[in-house]
Amino acid sequence: MSLRKVTASAPGKVTLFGEHAVVYGEPALVTSIGRRVYVTAELRDDNRVKIVASDLQVPGVTVTFADDELVVETDYGRTLSAIAYLKTAIEVASKYLGRSRGVNVFVRSEMPVGAGLGTSAAVTVATVLAYTTALGYELDKREIAKLSWEVEKTVQGVASPMDTSITTFGGVIKVRLLGSNNYEVREILRCCDLPIVIGYVEREAKTKDLILKVRGLKERYAGIVEDIIKTIGMVVEEAEKALLNNDLNSLGELMNINQGLLDALGVSNKRLNDLIYAARAAGALGSKVTGAGGGGCVIALAPGTQERVEVAMKLSGGLTMKTSLGGLGAVVHTAESSTP
Ligand code: MEV
């Protein structure tokens, strides 16, 4: 039986340790956050797909497309890229189920899009979950995560399964790529009460471009960059132990080491580094880029100094964000049946 209208949501994320190296088979530690993306899928009687992205924290926009024709009256690049994930999510899920239906998709985000908090993965996962549930299927979380990874790879050309896994499963997880189409996910903690401050500066580069930048560096300096990537993997293993022992001093030191390695990979920039060093000077035990870099978000571990660190980041030109860590992954909220 098809359900007429389903709302699902999925959380954003911060990568605690291991971004970029995760693309090359090293493990990463990543946590969900308390801000979510909500997607409502409402089945239509025709084969058209209409997307209403009225709150993607860029000016609202409505687009309609049927077959391959996309009608859009905006030039807001970030909205368009979020829409590419939505459109591809519906295509990939339809192909997997061997069934497709026109659908109205409404999107609402509690996070800024494209900031490095995993909004594209959250949009993707919530869309796959809402759409497949509306069609009457109950896919398990592994299927949702895998389809969503396929969507990210299709849209970005290259992606690890990290973002789509954390937004599907929630909690704090360790992710490792095992091959081009295989990976493992292990839950480390369900909840996470690390005293983290998130800072944000405008992004200058897209995730895809940053991944390609690291790949280019690796091609030119294979031995050096491979060692940096392996060392990030070692940092992740140590960080897992520190996290489980609640050893904040070691976690802070390891964040700083991870940041030095990310900087060596060329994904940090002056504005991010300004926030990172301001946070440390204000008392943070450690601070680093979180996500792809090139602008976007940093995290600082700041037990007892969260307010000072927030002020320092703001004075250095950043915005800050308060949110809880860990907790619920993707969920269905409401489902309305078309048959009485
Ligand atoms: C992006 O949030 C994290 C990267 O490691 C890319 C990926 O894992 O797909 C840079």
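Begin the tour with the largest pocket, which holds about 790 Å³ of space, a volume being the space filled by probe spheres set on grid points joined across faces, edges and corners. A pocket here is an open set of points, on a 1 Å grid over the protein atoms alone, where a 1.4 Å probe fits and protein lies on both sides within 12 Å along at least five of seven lines; lining residues have an atom within 4 Å of a point.

This is a predicted model, in which local features need pLDDT of at least 70 and side-chain atom pairs pLDDT 80 or more, while totals for chains, interfaces and linings use all residues. Residues are numbered from 1 along each chain as its sequence is written, and side-chain values use heavy atoms, with hydrogens and water left out.

Select next Tyr85, Gln156, Arg203, Lys206 and Thr207, which among the 35 lining residues lie nearest the centre of the largest pocket. Then colour α1 (77-97), which gives five residues, the largest share of the lining.

Now show the ligand, which sits in the largest pocket, in the sense that more than half of its atoms lie within 2 Å of the pocket's grid points. Residues surrounding the ligand (a heavy atom within 4 Å) include Lys13, Glu19, Val22, Met162 and Ile211.

Finally, display the polar contacts (pairs of N or O atoms within 3.5 Å): oxygen atoms of the ligand lie 2.5 Å from a side-chain N or O atom of Ser160, 2.9 Å from a polar side-chain atom of Asp163 and 2.9 Å from a polar backbone atom of His20.

Note on methods: Polar contact = N/O pair within 3.5 Å; in protein donor to acceptor, adjacent residues only side chain to side chain. Helix = DSSP H or I, 4+ residues; strand = E, 2+ residues; numbered from the N terminus.
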